[in-house]
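Please go through the two-chain structure shown here.

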Amino acid sequence: MNNFIKGLWKEHPVLRQLLGMCPTLAVTTTALNGLSMGCAVIFVLFFSSLVVSLIKRIVPHQVRIAVYTVIIATFVTIVDIFFKAQFPKISEQLGPYVPLIIVNCIILGRCEAFASRYSVKDSLFDALGMGIGFTWGLFILGTVREVLGSRTFLGIEILPSSFNPLVVMVLPSGAFLVLGFMIAAMNKIEERSK
Amino acid sequence: MKDLLLIFISTVLINNFVLSYFLGICPFLGVSAKYESAFGMGMAVVFVMTLATAISWIIYHLVLAKLGLFFLEYVVFILVIASLVQIVEMFIRKFSPALYQSLGIYLPLITTNCSILGAALFMVTRNYKFLEAVVFGFSGGIGFSLVLMIMAGIREELKYADVPRVFKGAPITLITASLLALIFMGFSGLISS
């Protein structure tokens, strides 16, 4: 159980370990994009961890990274084709950032640091925890940027039109800014709880 | 020639890999604390990215496209990058120990640098010709190094600044990056489309 919970807060992949920053910053112009990217990562992380922890005994040590990468790339291809067929709109918005999940350090990091050492069950819990942690991080970041940058939340207008949208929020600059403040807020909460 | 120059300027300054596509953020945050290591990492990326786009272009257009194996694109690209990094590392170690001393430790990190795979993917979606793809890879690397070195310069000075405690480390780095991204947006007027 602890394997599951640690990814949600204490070892949060984005806010604590600073892993997987590229998709975190790039796709979170809206909350929905953040959520879809999170789901894609959960899927890839779950199945890659499963396969890696199943074959951990038969993979020679020297070529393990290459093997993991190929496994990850295979699942990413599946997600990419699935998105293209089922949700063409989202697939278009996420663009090259779906294939870039391959080099997302969260996945390779969890495969190398966890799935290749622990049992299948532990690895799956770890993968789910990290995946869900990643997803809520992206969802919050996407929400802040969408609400402030285009006055909407999940596509529905929630702020009055008298509010002037802060365009900078949907631009790259806003992504860095909001994430910086999120990590600072996390530090503050952590500090207070001590 | 004009096209190539346009690709160079727009990739280095306007659509910078780090500041507008968010590619290669991990090394950008990780290796930018010291100017010297930023320079080493930057040069290693220029080198590998140029080679990787060139080889990926050849494989994509002469093998995958001919055989219609488009679904293998990602697997093949990542294999090309990983083996290229390995070969370059062995090659440098053998023939230039001095260069290996300065670039060596950054090379393994490059496999998971998403800007390399990103460059290969963009080159396909934008339908670049061979020469354009090579220039694109090269200028992507230059743009990455430029921003990495600017950032390292700022962070070396930042050590002496009085930053609020909760903002120390990653948060202030990200906010600095945010301001850099704003500054680079100023370049978007350079090319009128």
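The report below covers the interface, the nonpolar core and several helix pairs of a predicted model.

## Interface between the chains

The contact between the chains involves 32 residues of chain B and 32 residues of chain A. On the chain B side, the elements that give two or more residues are helix H2 (25-30), helix H4 (73-95), helix H7 (114-125) and helix H9 (170-185). Of these, H9(B) gives the most, with 9 residues. By class, the side of chain B that touches chain A holds 27 nonpolar and 5 polar residues, and no charged ones.

B:Val75 lies in helix H4 of chain B. Apart from neighbours within four places in sequence, B:Val75 is in contact with A:Val70, A:Ala73, A:Thr74 and A:Thr77.

## Nonpolar core

The largest nonpolar core has 108 residues. Within this core, A:Ile72, A:Ile102 and B:Leu117 touch the most other members.

Which residues does B:Leu117 contact, leaving aside its neighbours within four places in sequence? In chain A they are A:Leu100, A:Ile102 and A:Val103. In chain B they are B:Phe77, B:Ile78 and B:Ile81.

## Helix packing in chain B

H4(B) and H7(B) pack with their axes 10 Å apart, at an angle of about 135 degrees. H4(B) passes H7(B) in a right-handed crossing. In this contact, B:Phe77, B:Ile78 and B:Ile81 of H4(B) meet B:Ile116, B:Leu117 and B:Ala120 of H7(B). By class, the contact of H4(B) with H7(B) has 6 nonpolar residues, no polar and no charged.

H7(B) also packs with helix H3 (residues 35-67) of chain B: their axes come within 9 Å and cross at roughly 40 degrees. The crossing of H3(B) and H7(B) is right-handed. From H3(B), the residues in contact are B:Val45, B:Val48, B:Met49, B:Ala52, B:Thr53, B:Ser56, B:Trp57 and B:Tyr60. From H7(B), they are B:Ser115, B:Ile116, B:Ala119, B:Ala120, B:Met123 and B:Val124. The residues of the contact of H3(B) with H7(B) comprise 11 nonpolar and 3 polar, with no charged.

## Helix packing in chain A

H3(A) and H4(A) pack at about 140 degrees, and their axes are 9 Å apart. That angle makes H3(A) oblique to H4(A). Their crossing is right-handed. H3(A) contributes A:Ala40, A:Phe43, A:Val44, A:Phe47, A:Ser48, A:Val51 and A:Val52, while H4(A) contributes A:Tyr68, A:Ile71, A:Ile72, A:Phe75, A:Val76 and A:Val79. The contact of H3(A) with H4(A) divides into 12 nonpolar residues, 1 polar and no charged.

Helix H6 (residues 105-115) of chain A is mostly covered, with 8 of its 11 residues buried. The buried residues are A:Cys105, A:Ile106, A:Ile107, A:Leu108, A:Arg110, A:Cys111, A:Phe114 and A:Ala115. The buried residues of H6(A) pack against helix H3 (31-54), helix H4 (64-86) and helix H7 (120-150) of chain A, together with H2 of chain B.

Conventions
Residues are numbered from 1 along each chain as its sequence is written. Chains are lettered from A and ligands numbered from 1 in the order in which they are written. This is a predicted model: local features need pLDDT of at least 70, side-chain atom pairs count only at pLDDT 80 or more; totals for chains, interfaces and linings use all residues. Two residues are in contact if their C-beta atoms, placed from the backbone, lie within 7 Å. Helices (H or I, at least four residues) and strands (E, at least two) are DSSP runs, numbered from the N terminus. Ala, Val, Leu, Ile, Met, Phe, Trp, Tyr, Cys and Pro count as nonpolar, Asp, Glu, Lys and Arg as charged, and the others, Gly among them, as polar. A nonpolar core is a set of buried Ala, Val, Leu, Ile, Met, Phe, Trp, Tyr and Cys residues joined through C-beta atoms within 7 Å. A residue is buried if 20 or more other C-beta atoms lie within 10 Å of its own, exposed if 12 or fewer, and partly exposed in between; C-beta atoms are placed from the backbone. Axes are lines fitted to C-alpha atoms, for helices over the stretch in contact, and angles run from 0 to 180 degrees between N-to-C directions. A crossing is left-handed if the near helix is turned anticlockwise from the far one by less than a right angle, and right-handed if clockwise. Angles under 35 degrees count as roughly parallel, over 145 as roughly antiparallel, 65 to 115 as roughly perpendicular and the rest as oblique.
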